[in-house]
Amino acid sequence: MDNEPIRIPLTDVLDLHTVPPRDVKTVTEEYLEEAHRLGLSALRIVHGRGIGVQREVVRGVLAKSAYVLAFGDAPAEAGGWGATVVTLRTQP
């Protein structure tokens, strides 16, 4: 059995529905770092509506990240308050 990790292509959308709540902070931090490294400038993080716990975790990470220029609710057609759109700082 091969124990190598499965490589998943990184896109401008991160859907956290399959991520266990205990891992949301770490996954979001690592996603931001990799997205910035790849030169992405606009992201959408789907955290779901629920009671807002994951949304607050995600936004706490975004507020502290040096990579993030701005963030806010996604437009209604892109998830509304169940997703957060992010603008990353451009690399020098």
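Where does I51 lie relative to strand 2 (42-46) and helix 2 (53-64)? I51 is found in the loop between strand 2 (42-46) and helix 2 (53-64), where helices (H or I, at least four residues) and strands (E, at least two) are DSSP runs numbered from the N terminus. This is a predicted model, in which local features need pLDDT of at least 70 and side-chain atom pairs count only at pLDDT 80 or more, while totals for chains, interfaces and linings use all residues. Residues are numbered from 1 along each chain as its sequence is written, and side-chain values use heavy atoms, with hydrogens and water left out.

**The surface patch**

I51 counts as exposed because its relative accessibility is 83%; here buried means under 20% relative accessible area, exposed over 50%, and partly exposed in between (1.4 Å probe, protein chains only). Together with V53 and V57, I51 forms a nonpolar patch on the surface, with about 310 Å² of accessible area for the three together. Patches are made of residues with over 30% relative accessible area and no salt bridge, like charges being joined within 9 Å and nonpolar side chains (Val, Leu, Ile, Met, Phe, Trp, Tyr) within 5 Å. Accessible areas come from the Shrake-Rupley method with a 1.4 Å probe, and for residues only the protein chains shown count as cover.

T84 lies in strand 4 (residues 83-88) and is buried, with a relative accessible area of 0%. The side chain of T84 makes a polar contact of 2.8 Å with the side chain of H47 and another of 3.1 Å with the side chain of R59. A polar contact is a pair of N or O atoms within 3.5 Å; within protein, one must be able to donate a hydrogen and the other to accept it, and residues adjacent in sequence count only if both atoms are side-chain atoms. Not counting residues up to four places away in sequence, T84 touches a set of residues including L43, I45, L62 and F71, contact meaning heavy atoms within 4.5 Å.

L88 also lies in strand 4 and is buried, with a relative accessible area of 2%. The C-alpha atoms of L88 and L32 are separated by 8.5 Å, although the two residues are 56 residues apart along the chain. Leaving aside neighbours within four places in sequence, the contacts of L88 include L32, A35, L40, Y67 and L69.

**Salt bridges**

The structure holds 5 salt bridges, each being a side-chain nitrogen of Lys or Arg within 4 Å of a carboxyl oxygen of Asp or Glu. Among them are these:

| Pair | N to O distance |
|---|---|
| K25 and E29 | 2.8 Å |
| E34 and R37 | 2.5 Å |
| D73 and R59 | 2.6 Å |

R59 counts as buried because its relative accessibility is 14%, whereas D73, at 41%, counts as partly exposed. Salt bridges that share partners join R55, E56, R59 and D73 into one network.

Why are K25 and E29 separated by about one helical turn? They are 4 residues apart in helix 1 (residues 24-37), so about one helical turn separates them. E34 and R37, 3 residues apart in helix 1, are likewise separated by about one helical turn. K25 is partly exposed at a relative accessible area of 45%, and E29 is partly exposed at 34%. E34, at 29% relative accessibility, counts as partly exposed, while R37 is exposed, with a relative accessible area of 54%.
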